[in-house]
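Open the model in your viewer and keep the sequence panel beside it. The tour goes from one selection to the next.

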Amino acid sequence: MPTQVTILSAPREEAPRRAFVAQIMGLPMSIHVRGPQAPGTGVAAAVEAAFAGLRADEAMFSTWQPDSPVSRIKDGRDRLVDAHPRIRHVAALCELAGHRTGGAFAAWMPGADGRQAFDPTGLVKGWAVEQAFTALLADLRKLGPHDAMVCAGGDIAVACNRTDTPSWVVAVEDPRDRSRTLRSFELRTGAVATSGTAARGRHIVDPATGTPAEGLASATIIGPKLAWADVYATAAFVKGAAALPWIATLPDHAGILVGTDGTVSTISGMKPAAQATRWSSFASTE
């Protein structure tokens, strides 16, 4: 599946590196590990454990599998109040996401019959990947300092735990011409998520209208946690041009918005004094 955000090769990389790919949640998910044990069985086992966690979440939260726990809740066969604690935790996060985004994100949407149906898909992928990545980093620490990156359909989380390796370099694609990149920046720790129409068309629904959102071609959010970067990217796409002042209110986050006319706008809600070093490469992109 094409992605809207990619990792570029970093220069002068000398640490061993290994990449793993699995098809989960209907898209390719890749994990990259840099460090002395990258070629070894210990790293492979840690990565497989991360993939296993993602597969378990796919089985629980899938809305494409008719008998998954979430599908049964969505169509009314089961009640959310009786669901697995992990599902109820995600439902609570969705409620919080609605409050944080001023209603631009919602997990309860009207179905074809007009009934409000529970569909946490907009939060689950980023949250599940973040959970798996956190567990992976904990397993890698047992093997010594290693860097890691996960890419799930263009949503990315990175961590650099070594001092002898370069930062990961992230490039944001042009949604109107996906052979081009619009911005690139270095990132040692954090997450990047993009919402847009380039890969799946007009699939993002504005909860206020129940119709596909329009006004932007893509919205990319950079922040410390993938779950919230993913939520905020969706909300920014729904908000359209109004997302710029809203992103400015988000501590520790930055955004890249691409209009339907190709106009690119960047905004940071971070505290300049505290974050100047971390985001210097973002601020200076072309």
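**Stop 1: A227**

Select A227; leaving aside residues up to four places away in sequence, it touches G126, W127 and E130. The model is a predicted one. A227 lies in helix α5. Is A227 buried or exposed? A227 has a relative accessible area of 7%, under the 20% cut-off, so it counts as buried. A227 and L123 are 104 residues apart in sequence, yet 6.6 Å apart in space from C-alpha to C-alpha.

**Stop 2**

Go back to F51: not counting residues up to four places away in sequence, F51 touches F20, V21, A22, I24, M29 and I31.

**Stop 3: α1 against α4**

Select residues 41-61 for helix α1 and residues 121-141 for helix α4. The two helices pack at an angle of about 155 degrees, and their axes are 9 Å apart. Because angles over 145 degrees count as roughly antiparallel, α1 is roughly antiparallel to α4. Their crossing is right-handed. On α1, color V43, A46, V47, A49, A50, L54, D57 and F61; on α4, color V124, W127, A128, V129, A132, L136, D139 and L140. These residues make the contact. By type, they divide into 14 nonpolar, no polar and two charged.

Key. Residues are numbered from 1 along each chain as its sequence is written. This is a predicted model: local features need pLDDT of at least 70, side-chain atom pairs count only at pLDDT 80 or more; totals for chains, interfaces and linings use all residues. Side-chain values use heavy atoms; hydrogens and water are left out. Axes are lines fitted to C-alpha atoms, for helices over the stretch in contact, and angles run from 0 to 180 degrees between N-to-C directions. Helices (H or I, at least four residues) and strands (E, at least two) are DSSP runs, numbered from the N terminus. Angles under 35 degrees count as roughly parallel, over 145 as roughly antiparallel, 65 to 115 as roughly perpendicular and the rest as oblique. A crossing is left-handed if the near helix is turned anticlockwise from the far one by less than a right angle, and right-handed if clockwise. Contact means heavy atoms within 4.5 Å. Ala, Val, Leu, Ile, Met, Phe, Trp, Tyr, Cys and Pro count as nonpolar, Asp, Glu, Lys and Arg as charged, and the others, Gly among them, as polar. Buried means under 20% relative accessible area, exposed over 50%, partly exposed in between (1.4 Å probe, protein chains only).
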